[in-house]
Amino acid sequence: MEHKFAAQLYTVREELKEEGIRPVFKKLKEMGWAGVQISALPTDYDRNEVALALKENGLQAAGMHVSLTRIKNDLDGVLREADLYGTKDIILPFVTEDLRKPESYKEIKEILNETAKRESEYRFSYHNHAFEFEIDIDGQEALRYMLDPAVDNQVLAEIDVFWLKKAGKDPLTYIAPYANRMPIIHLKDMTNDHRQTFAEVGEGIIDFIPILQWGERNGVEWYAVEQDVCEGPPLECLETSLRNLKKFAKQTGQIVR
């Protein structure tokens, strides 16, 4: 299972700007990560440098987070970049506040489906936060609407378990419909205090062992760890998360070798 653990680069967005892409990738590899999820790179990043950093450190790309604007207006560039990094997973990570309404979600779902059908060599997924649970679309919350596991819906899931917990949902129960429809899952923990804020995996209140067991039975290819806000140095937080994840992997008894 450890070959499926990836660090989400949003966690180290400031380090990428201050230290550079190649040095940060090197530190992540030395820490023990098998992959990184491409996101939050410096504004002027060089995609060839990213590809080199992946190659020279033996890191895999666990998908790319790509804005709706780029999917709509620069799809060819997105797909060329995905090819360069060796990934087929394109994930919409966020919906801006002005689009958080039923009609916009219907349009976004249509765009992602049309794109996925046209570019069938790639997979298109949606990453959630908690605001989707505040939007009703034809009698269901926006997230269930987007990820409807129907045959004709090409939008795959990239569930973030922290945001499920934040919305008052049980992560293990909620992800059940997305068996073999979620190539990447986002893992982050929640503090056990009144703040209910971000914590390193294994340091908070979310039970990850059943989630890992479910993932191994149901087609999860990458477990991407993201910590939006870190109270300590982000690289140290990622190290703590990875150490705990490896411990949980052993406890599942389902380590894939």
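Biologist: In β5, which residue is the bridge partner of Asp89?
Modeller: The model is a predicted one, in which local features need pLDDT of at least 70 and side-chain atom pairs count only at pLDDT 80 or more, whereas totals for chains, interfaces and linings use all residues. Residues are numbered from 1 along each chain as its sequence is written, and side-chain values use heavy atoms, with hydrogens and water left out. Strand β4 (residues 89–92) and strand β5 (residues 123–127) run parallel and are joined by four bridges, where strands (E, at least two residues) and helices (H or I, at least four) are DSSP runs numbered from the N terminus. Within β5, the bridge partner of Asp89 is Arg123.

Biologist: In β4, which residue is the bridge partner of Met64?
Modeller: Strand β3 (residues 60–65) pairs with β4 in the parallel sense over two bridges, and pairing here requires that DSSP finds at least two bridges between two strands. In β4, Asp89 and Ile91 point one way while Ile90 and Leu92 point the other way, and all are buried, that is, under 20% relative accessible area, with exposed meaning over 50% and partly exposed in between (1.4 Å probe, protein chains only). The bridge partner of Met64 in β4 is Ile90.

Biologist: Which strands stand at the edges of the open sheet?
Modeller: Eight strands make up the open sheet, with parallel pairing and the order β8-β5-β4-β3-β2-β1-β12-β9. Two of these strands have a single partner strand each, so one side of each is left without a neighbour in the sheet. These edge strands are β8 (156–158) and β9 (184–187).

Biologist: What is the average twist from one strand of the sheet to the next, and at what angle does α5 run to β3?
Modeller: Axes are lines fitted to C-alpha atoms, for helices over the stretch in contact, and angles run from 0 to 180 degrees between N-to-C directions. The twist averages 35° from one strand to the next. Helix α5 (residues 75–85) lies across β2 (35–38), β3, β4 and β5, and its angle to β3 is about 165°.

Biologist: At what angle do the axes of α10 and α11 cross?
Modeller: Phe208, Ile209, Leu212 and Gln213 in α10 meet Leu245, Phe248, Ala249, Gln251 and Thr252 in α11, contact being heavy atoms within 4.5 Å. The crossing of α10 past α11 is right-handed, a term used when the near helix is turned clockwise from the far one by less than a right angle, with anticlockwise being left-handed. The axes of helix α10 (residues 208–217) and α11 come within 9 Å, and they cross at roughly 65°.

Biologist: Is Thr11 buried or exposed?
Modeller: Thr11 lies in the loop between β1 and α1 (13–19). Not counting residues up to four places away in sequence, Thr11 touches Val225, Glu226, Gln227, Cys230, Pro234 and Leu238. At 3% relative accessibility, Thr11 counts as buried.

Biologist: What is the phi of Ala40?
Modeller: Ala40 is found in the loop between β2 and α3 (47–57). With a relative accessible area of 28%, Ala40 is partly exposed. Although Ala40 is not a glycine, its phi is positive, at about 55°.
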